[in-house]
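Dear colleague,

Please find below the structure that I am handing over to you. My notes on what was found in it follow directly after.

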Amino acid sequence: MNPKLLRGSLDTIIIKLLNDNGEMYGYEITQKVKELTGDTIKITEGALYPSLHKLEGKGVLAVETRSIGNRYRKYYSITKQGKSELATMLEDMKAYMQSMELLLNPKLA
Amino acid sequence: MHLSENQIQWIFTSVQNKGVNYIDVQHEIVDHLASEIELSMETCPEIYFQEHLDNAFSAFDSDFKKLVRTKEKAMNKYWQKKTLGYIKSYFTFPKIILTILIFLTCSLGTILVGKSILISFVIASILLVFGTFIHYYLRLGFTDIEHKYLVLKMYMANTIGMTTFAFFILNILEMFNSNEIKLIDQHWYIYTASIALTIGTIWCHACLTEFPRMLIKDIKEKYPYLTLAN
């Protein structure tokens, strides 16, 4: 899939995943997206981490770092602010998808 | 399959060689690469570690320097939000009552102290010394490692940077009052100086109490590998 298509919806994907799965780490998010979409959508690290850092900066995500043997792992989870933003984001996404459907398949409308 | 201590250290070195100098940023990238390598080592155990590492770097698909820049921006925004958010809380109920009291005290102080040029000069000097004290207090003993951690760099930029600016403004106001123009007789000077002193007082209080607490809490939760000197 063209990564440009994914760019605008990456934040929504991340927040939705964290809302459904609780805390997750960066690599786990990329693997989960691959698994759920049957390898159709592959989130690149170059897109994932800037998004995670931006959402953390905005207070949408909380972070906790824990030791996992000989290295540390950063776990992301959704904050209260993130939960309230998710509802709006999902509604926007649904409206966008419906509009795209109308544009691409006008006969169905 | 878990990677050995030496292999993890080698990934750290490789990440640093790619231009990622902040230790806190390195940790996240290293964990990502290590997870990728561990998975691929399970599926292809016959391949050497270095080849797995090279593959993981290729799959990472990111310009590391760009990644650091976006992290810097996000971290700066994070500390701006935290510090300015705390100051803003002094302008909402019930803290605004305290802010008004500080403002009235500052106004009275400005009028009384401003009458004497000598006292104005002394106040300006005290502010300078106090500003320097806060500058060192905020460092919490991490002067040597400040440049190695992005979190410390951004914390300093948003606390010391602002403190230096605040004391500069306060000193200018005090110094101006010490000349022959006698600004103290003008209403705009009293208002400006009082507002600057009020915000300066709140900022100093936050620098001595809340901001270091915010940093220590963040370090405990997000950077357990970072130890401060005191």
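Helices (H or I, at least four residues) and strands (E, at least two) are taken as DSSP runs and numbered from the N terminus. On that basis, the elements of chain B run α-α-α-α-α-α-α-α-α from the N terminus on, which comes to nine helices and zero strands.

Please note that this is a predicted model, in which local features need pLDDT of at least 70 and side-chain atom pairs count only at pLDDT 80 or more, while totals for chains, interfaces and linings use all residues. Residues are numbered from 1 along each chain as its sequence is written, and chains are lettered from A and ligands numbered from 1 in the order in which they are written.

Burial in chain B

A residue is called buried if 20 or more other C-beta atoms, placed from the backbone, lie within 10 Å of its own, exposed if 12 or fewer do, and partly exposed in between. Of the 230 residues of chain B, 30% count as buried. B:Leu127, in helix α6 (residues 117-137) of chain B, counts as buried because it has 20 C-beta neighbours inside 10 Å. Its C-alpha atom is separated by 7.2 Å from that of B:Asn171, 44 residues apart along the chain. The buried residues of α8(B) include B:Leu197, B:Ile202 and B:Trp203.

Domains and the chain contact

Domain bounds come from an automatic or database domain assignment, which gives domain 1 (5-62) and domain 2 (67-222) in chain B. Two residues are in contact if their C-beta atoms, placed from the backbone, lie within 7 Å. Six residues of domain 1 of chain B are in contact with seven residues of domain 2 of chain B.

Between the chains, the contact takes 28 residues from chain B and 23 residues from chain A. On the side of chain B, the elements that give two or more residues are α1 (5-17), α2 (23-43), α4 (64-88) and α9 (210-222).

A helix pair in chain A

The axes (lines fitted to C-alpha atoms, for helices over the stretch in contact, with angles from 0 to 180 degrees between N-to-C directions) of helix α2 (residues 10-21) and helix α4 (residues 45-57) of chain A come within 10 Å and cross at roughly 70°. The two helices are therefore roughly perpendicular to each other, a term for angles of 65 to 115 degrees, where under 35 is roughly parallel, over 145 roughly antiparallel and the rest oblique. This contact is made by A:Leu10, A:Asp11 and A:Ile14 of α2(A) and A:Ala47, A:Ser51, A:Leu52 and A:Leu55 of α4(A).

Yours sincerely
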